[in-house]
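Please open the structure in a viewer and keep the selection tool at hand.

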Amino acid sequence: MPTVMLDTNVIVGLLDPDDALHGHARDAVRRWEGEAASFTISVITWSELRVGAVRKGLAVEKILAAFRFAVIDQIVEVDETTAESAALLRAADLTIRVPDALIIATARTVGADALLTADRKFPGIAPDLVELLRPG
């Protein structure tokens, strides 16, 4: 069973039908569902999503909670090994934000088959891992 990590922007796109990424995110997730993939997110992604949901109110918090239990099989914590891997990514390129480095490092730590993202910088950091989704 493949493991697919979802980046924050992909989940935002999935949950918002008006988001430019919505169709591409939906199609990518459906394709991976067809391969019986397990979907994971980093605790960093969960925190970013929760911030947005809390700011938007209880209705959005409920939608996010329902999505979490329906789609996300695992929220992966950041351990010392993952933090060290993220630090190495960031040290090699200071334009990489720490949360992004942590998400990529987490995907590697769990042995993800793919990391779905719309972040154009990710393929340059982890070309073997990243599946870039483009709005259209």
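The stops that follow cover the nonpolar cores, a pocket and several salt bridges. The model shown is a predicted one.

**First stop: the nonpolar cores**

Select L6, V10, F39 and L116. Within the largest nonpolar core, which has 23 residues, these four touch the most other members. The elements that give this core two or more residues are β1 (3–6), α1, α2 (22–33), β2 (38–42), α3, α4 and β4 (114–117). Helix α2 provides the largest share, four residues.

Next, centre the view on V10. Which residues is V10 in contact with, leaving aside its neighbours within four places in sequence? They are L21, A25, L116, T117, A118 and L133.

**Second stop: the largest pocket**

Select T8, V12, L15, D16, E48, L49, G52, A53, K56, V60, I63 and L64, the residues that line the largest pocket. The volume of this pocket is about 320 Å³. Colour helices α1 (8–15), α3 (43–56) and α4 (58–71): each supplies at least two residues of the lining. Which of the elements gives the most to the lining? It is α3, with five residues. Colouring the lining by class shows seven nonpolar, two polar and three charged residues.

Side chains of opposite charge can pair when their charged atoms come close. In the whole structure, a search finds five salt bridges; three of these are visited here.

Begin with R31 and E131, whose side chains form a salt bridge at 2.2 Å, N to O. R31 is in helix α2 and E131 in strand β5 (residues 130–132), so that distant parts of the chain, 100 residues apart, are linked. Are the two partners buried or exposed? R31 counts as partly exposed because its relative accessibility is 40%, whereas E131, at 17%, is buried.

Move to R50 and E61, a salt bridge in which the closest N and O atoms are 3.2 Å apart. Because R50 lies in helix α3 and E61 in helix α4, the pair ties together parts 11 residues apart in sequence. R50 is partly exposed, with a relative accessible area of 27%, and E61 is partly exposed at 23%.

Finish with R108 and D128, where the closest N and O atoms of the salt bridge are 3.1 Å apart. R108 lies in helix α6 (residues 98–109) and D128 in the loop between α7 (122–125) and β5, so this pair ties together parts 20 residues apart in sequence. R108 is partly exposed at 40% relative accessible area, while D128, at 59%, counts as exposed.

How values were computed. Residues numbered from 1 in each chain as written. Predicted model: local features only at pLDDT ≥ 70, side-chain atom pairs only at ≥ 80, totals over all residues. Heavy atoms only, no water. 1 Å grid on protein atoms, 1.4 Å probe; cavity = no way out; pocket = protein on both sides within 12 Å on 5 of 7 lines; lining within 4 Å. Points joined across faces, edges and corners; volume = space filled by probe spheres on them. Nonpolar A, V, L, I, M, F, W, Y, C, P; charged D, E, K, R; others polar. Core = buried A, V, L, I, M, F, W, Y, C linked by side-chain atoms within 4.5 Å. Buried < 20%, exposed > 50% of the residue type's maximum accessible area, 1.4 Å probe, protein only. Contact = heavy atoms within 4.5 Å. Salt bridge = Lys/Arg side-chain N within 4 Å of Asp/Glu carboxyl O.
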